Amino acid sequence: MSNLRIVHLKPNPAGKDRSRYRIDTSQIVAEWVDIENLDAAAANLTGVELHHLAYPPAGGQARWERVLGLTGKLRSGTTLRVHSGKEVPVAQLRPEDAQGADFHLFAQRDLYVWNNAEGDCAGLWQRDLGHWRDKACYDPLPPEGVVLVRRGDKLVPDAGRGGWL
Ligand SMILES: [Ca+2]
């Protein structure tokens with residue numbers, strides 16, 4: 001089993017426009033998740049889907065919802081960043097959204113993905129084999145502008161610069 005791991009997630013970009021009717025492109029791509037291949041060999045991404053927990057508008061039980069399907073291979077030790085929103089050139093990303101990843105993919109929908117109020121989980125579903133490659137969750141109300149980092153099964157605010165990354 002390969003070691004494909006959800007390592008960082010920025011669910012609540014700084015300065016986000018909270019109107020549901022005006023989507024700001026530079027804000028939406030500032031929401032992202034990093035997937036790293038920690039294995040010594042390349043990881044095959046074909047058949048792997050990124051999912052998150054969606055909550056019905058009327059309330060009730062959260063369910064897994066597909067964000068997008070991945071394809072291709074991820075080389076050993078490299079990181080793929082999946083941004084919410086439609087594709088923009090990497091040069092147009094803010095520095096903090098461009099740096100720290102080797103490859104950038106976009107969910108290609110004008111929708112924020114990662115829940116703020118309810119918290120959320122990121123999951124890598126291996127569709128053809130019917131099992132999870134990895135899963136990690138964060139608590140409700142993540143701080144604005146903060147990159148959550150992986151600790152065990154959770155994504156949490158970084159306790160201190162440099163110590164863990
Ligand atoms: Ca969000």
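## The tryptophan cluster

Trp 64, Trp 125 and Trp 132 make up one aromatic cluster in this predicted model. Searching the whole structure turns up two aromatic pairs (rings of Phe, Tyr and Trp, its six-membered ring, with centres within 6.5 Å; planes under 30 degrees apart are stacked, over 60 edge-to-face, the rest tilted). Trp 64 and Trp 132 have ring centres 4.4 Å apart and planes at 45 degrees, so that pair is tilted. It links distant parts of the chain, with Trp 64 in strand 5 (residues 63-69) and Trp 132 in strand 10 (residues 131-138), 68 residues apart. For Trp 125 and Trp 132, the centres are 5.0 Å apart and the planes sit at 65 degrees, so this one is edge-to-face.

How accessible are they? Trp 64 is partly exposed at 29% relative accessible area, Trp 132 is partly exposed at 26%, and Trp 125 is partly exposed at 23% (buried is under 20%, exposed over 50%, partly exposed in between, using a 1.4 Å probe and protein chains only).

## Around Asp 97

Asp 97 sits in helix 2 (residues 95-98) and is buried, with a relative accessible area of 0%. Helices (H or I, at least four residues) and strands (E, at least two) are DSSP runs numbered from the N terminus. The Asp 97 side chain makes a 2.8 Å polar contact with that of Trp 32 (N or O atoms within 3.5 Å, one able to donate a hydrogen and the other to accept it; sequence neighbours count only through side-chain atoms on both sides). Arg 81 lies over the face of Trp 32, 3.6 Å from the ring centre (the cut-offs are CZ of Arg or NZ of Lys within 6 Å of the centre and within 35 degrees of the ring normal).

Strand 7 (residues 79-83) runs parallel to strand 8, paired over four bridges (DSSP must find at least two). Arg 81 has His 104 as its bridge partner in strand 8.

## The calcium site

Which protein residues hold the donors of the calcium ion? They are Pro 11 (O), Glu 31 (OE), Trp 114 (O) and Asn 116 (OD1), 2.3 to 2.7 Å from the ion. Donors are N, O and S atoms within 2.8 Å of a metal, or 3.2 Å for Na, K and Ca; water is not among the atoms, so sites may look incomplete. Pro 11 is buried, at 0% relative accessible area.

## Ground rules

Residue numbers start from 1 along each chain as its sequence is written. Local features need pLDDT of at least 70 and side-chain atom pairs 80 or more, while totals for chains, interfaces and linings use all residues, and side-chain values use heavy atoms, with hydrogens and water left out.
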